[in-house]
Amino acid sequence: MERRLLSGDEAVAAAARDGGVHLGTGYPGTPSTEILEAFSRLGGRAQWAPNEKVAMEVGIGAAFGGARALVTMKHVGVNVAADPLFTAAYTGVEGSLVVVSADDPGMASSQNEQDNRHYAVAAGLPMLEPSDSQEAYDLALAAFELSERWQLPVILRMTTRVCHGKSIVTRRAPLAVKAPAFRRDIAGRVMIPAYARPAHRRLRKKLASLAAWAETTPLNVETKGDGKLGIVTAGVTARHAREAAPGASFLELKTVYPLPLEKIRAFAASVERCVVVEEGDPFLADQIRAAGIAVESKPEPFRFGELNVDRVRRILARDTSPEPEPPKGKPPQLCEACPYHPVYAALRKLDAIVAGDIGCYTLGVLPPYQGMDTCVAMGASLGVGLGLRHVLPEKDARRVVSIIGDSTFIHTGVNGLIEMVYNPPETGHVLVVLDNGTTAMTGQQEHPGTGRTLEHEQTGKISIEGLARAVGVKNVDVIDPIADVGGFEKLLADRLGKRELSVIVARRACILAAADIRKWEKAAADKCAACVEAENA
Amino acid sequence: MPSRVVNVIVAGLGGQGAIKASDILADAAFRAGKDVKKAEVHGMSQRGGSVTSDVRFGDHVESPMIPPGEADFLVVLAPSEVEVTRPLLRKGGVLIPPDLVDEATLPNRKSLNVALLGALSRHLDLPEALWLEAVRAALPERLHDVNEKAFRIGRERARKG
């Protein structure tokens, strides 16, 4: 079969293709974004959802319909999608549903380094974790099989190094899968309390059966060493650990939940010293110790950041002496020609208190602007800005501005916009939507506001200013902050002076995406010109 | 025990093609039948920040990340990154600095990444033909000529150096 050098993300896409996935959906988020893009390039049906919750629901629906569905997101995206995910554990699925959680230990491009292995326990869902691209491919295929066999969503947990690292992958022959079909199962899928109570019991039964399966599945890899040191590990850490301690015995766990506790017990008993080596929280170590198995966990400093071969050597040596600082490189910054420069200059000049959001524009927090006072979560700029307005003394409340990017606004900013109209602060409020026509930070993905699909084809377009007017915001303006020099500052000053609700859409294409956007717009216009229906309209 | 793994770090600033260069190197090693692993962090890198990419190849590679201070070769595309990344190089490791190749001698300044790979190629046991295949596979056809020239200029420069 074909051997290729693939990233972990590309390997999951290849598995989705070879595993007969009918629909892939998600929201862009580093390091998960490339999965759906690669799946689309391979000919799969892939689409961006407005946010992870909607993506999860579309995936659940597809799997209820008997399809194989793939839903991708970064770790913090699972927080957004958790509501449907937890109850999908009760309903189970008819086809197959695999959810990729792409975690970011070390926070290369994230606001926290939460360890999403805890989600498997909390939701009661099986979780697999690969250590390189070949395993990403194999375990993604295994996850679809597992999901179908136990009729449960399965979480494939990846981390930045697995997602973006490249290694050699051998693909298998594509599978023939069942065609989607609807089967009515009201008690199984309508989670009113009377149906949900037995559903919870069904879930626990499935998990008990999965735990028994985990004890014997060949997915977990055990190798014998000299019998002195035994290492229980998972994910990319297994690769670091093999290099750090080539003579040790290894139990590499691919089923991080449920754990094969009896297998681990026997392994620990077979070596003189058994150490659990894992990145992030002591997730494995806590469960293993709770089962009464004597293992050593890593010292606390190794909870933080990524592990590597050197850090694993330190863990094994119980060395907690200060670690060398990684090279202090140049931090990323707003592009020189970024259309947001005049926005940040104006915010600074007007001494605004800025409730910010997540995207490229978060880089405005760095010098020279230091133009952001808060940044918590996707869409949070609205709620946080409103909270500040509600409680601050009037002279400060009137300085508060919420700023949010176009894709982030569609993601979860819309809810905050509704809150702004429903619970308006006495001093009013000003929202600036930084609309650069793309999801810039993650590599210029489309979103509902661009009016183009993941594949850059024309589709329904959501108007940000139209939404703002429709929900009842009094002052809604659209301005090009580059073309109208000084205009943005004047407008912002005027709106801050009013005790009313205002939305300013600062619209100018991202400098990195502008050429592509023109190309896609032209392609759409050409297609439209050739279309008879459009002429008749 | 696996035979020795070759560790190469490519460093630069976002937009300079450090990741592209590491892709080409990884592909050349893959074409030569080596086990290859590659690791990098991207996401914010396009915004002009520091970028490093680790490429490791040999008979069998475990971790995709090169332990600090264990790089055999350090290819640096930006002058500002030389001192920052130097501690990643092992004692006796080879630095391939950006000024090894005079950008003015290149048909296109943007090919500095490929020119420095040409210089690196002098030190590695990978056939030149596979390097050029990897260069062509990584770039659109209109850029093949300038980059092949850049590769040869770098390769020539390293021989003199």
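Mentor: In a regular strand the side chains alternate between the two faces of the sheet. Both faces of β11(A) are covered, with S249(A), L251(A) and L253(A) buried on one side and F250(A) and E252(A) buried on the other. Buried means 20 or more other C-beta atoms, placed from the backbone, within 10 Å of the residue's own. Strands are DSSP runs of E of at least two residues, helices runs of H or I of at least four, numbered from the N terminus. This is a predicted model, where local features need pLDDT of at least 70, side-chain atom pairs count only at pLDDT 80 or more, and totals for chains, interfaces and linings use all residues. Residues are numbered from 1 along each chain as its sequence is written, with chains lettered from A and ligands numbered from 1 in the order in which they are written.

Trainee: Which strands pair with β11(A)?

Mentor: Two strands pair if DSSP finds at least two bridges between them. β9(A) (residues 221-223) is antiparallel to β11(A), with three bridges, and V221(A) has E252(A) as its bridge partner. β10(A) (residues 229-234) runs parallel to β11(A) and is joined to it by five bridges; here V232(A) stands opposite L251(A).

Trainee: Which strand of chain A is joined to β2(B)?

Mentor: β8(A) (residues 166-170) is, by two bridges in the antiparallel sense. K38(B) is the bridge partner of K166(A).

Trainee: How many residues of chain B are in contact with chain A?

Mentor: Contact means C-beta atoms, placed from the backbone, within 7 Å. On that basis 34 residues of chain B touch 32 residues of chain A. β2(B) gives the most to that side of chain B, six residues.

Notes. Two residues are in contact if their C-beta atoms, placed from the backbone, lie within 7 Å. A residue is buried if 20 or more other C-beta atoms lie within 10 Å of its own, exposed if 12 or fewer, and partly exposed in between; C-beta atoms are placed from the backbone.
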